[in-house]
Amino acid sequence: MLVKQQGFSVWNAMAWVLLGVVSLIIGAKAVPAYSEFMAVKKSIKAIVAEESDYSVANVAAAFDRKATIAYIETIKGKDLKVTDMGGGIVKIEANYTKEIELVANAFLLLKFDAAESNDKAVQSQ
């Protein structure tokens, strides 16, 4: 009686190692972008909490100051969208993309959206 061999072949091992290496490379290149995005969100949240003048110029200047400290290079204060919702409620949004080169002409495109408001009801939208 012949028994079919079972187990982990060398080719299976090489395939899993290759998959792991590719995953680690993509992760290592994507983590700094997500770290920067978290800094953008934190900066916008701090501006909403600290500022009292929500003019576009003042919000842009405040963001640029915080971006310098947090090493944010992908987005500038002029790229923020400041919306007056009426009644003293302001919404600040940052929408941007980051293109990361993986290998040769293969790229990873990440889209980031962050929004913060000085009103709790608007924040959930």
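The model is predicted, and local features need pLDDT of at least 70, side-chain atom pairs count only at pLDDT 80 or more, and totals for chains, interfaces and linings use all residues. Residues are numbered from 1 along each chain as its sequence is written, and side-chain values use heavy atoms, with hydrogens and water left out.

The strand S3 belongs to an open sheet of three strands, ordered S1-S2-S3 and paired in the antiparallel sense. Two strands are taken as paired if DSSP finds at least two bridges between them. Strands of a sheet pair through backbone hydrogen bonds, in either a parallel or an antiparallel manner. Strand S1 (81-86) and strand S3 (106-117) are the edge strands; each has a single partner strand, so one side of each is left without a neighbour in the sheet. On average, and with direction ignored, neighbouring strands of this sheet are turned by 20° against each other; the axes are lines fitted to C-alpha atoms, for helices over the stretch in contact, and angles run from 0 to 180 degrees between N-to-C directions.

Five bridges join S1 to strand S2 (residues 89-103), in the antiparallel sense. Aspartate 84 has valine 90 in S2 as its bridge partner. Between S2 and S3, which run antiparallel, there are 12 bridges. The hairpin of S2 and S3 has two residues between the strands, and alanine 104 in this hairpin takes a positive phi near 50°. Alanine 104 is not a glycine and is found in the loop between S2 and S3. The relative accessible area of alanine 104 is 59%, and the residue is therefore exposed (buried means under 20% relative accessible area, exposed over 50%, partly exposed in between, with a 1.4 Å probe and protein chains only). A positive phi, of about 60°, is also found at tyrosine 71, which is not a glycine. Tyrosine 71 is located in the loop between H2 and S1 and is exposed, with a relative accessible area of 67%.

In soluble globular proteins, nonpolar side chains tend to be buried together. The largest nonpolar core has 25 residues, of which Val40, Ile44, Phe63, Ile75, Leu80 and Ile92 touch the most other members. Such a core is a set of buried Ala, Val, Leu, Ile, Met, Phe, Trp, Tyr and Cys residues joined through side-chain atoms within 4.5 Å. Two or more residues of this core come from each of H1, H2, S2 and S3. The largest contribution, eight residues, is that of H1.

Phenylalanine 8 lies in the segment before helix H1 (10-50) and counts as exposed at 59% relative accessibility.

Side chains of opposite charge can pair when their charged atoms come close. With a salt bridge defined as a side-chain nitrogen of Lys or Arg within 4 Å of a carboxyl oxygen of Asp or Glu, the count comes to four salt bridges. One of them joins the side chains of glutamate 50 and lysine 66 (3.1 Å, N to O). Glutamate 50 lies in helix H1 and lysine 66 in helix H2, so this pair ties together parts that are 16 residues apart in sequence. Glutamate 50 is exposed, at a relative accessible area of 54%. In the salt bridge between lysine 78 and aspartate 79, the closest N and O atoms are 3.7 Å apart. Lysine 78 is exposed, with a relative accessible area of 68%, whereas aspartate 79 counts as partly exposed at 39% relative accessibility.

Lysine 81 and glutamate 93 also meet through their side chains in a salt bridge (3.9 Å, N to O). Because lysine 81 lies in strand S1 and glutamate 93 in strand S2, the pair ties together parts that are 12 residues apart in sequence. Lysine 81 is partly exposed at 49% relative accessibility, while glutamate 93 is buried, with a relative accessible area of 17%.

Conventions. Helices (H or I, at least four residues) and strands (E, at least two) are DSSP runs, numbered from the N terminus.
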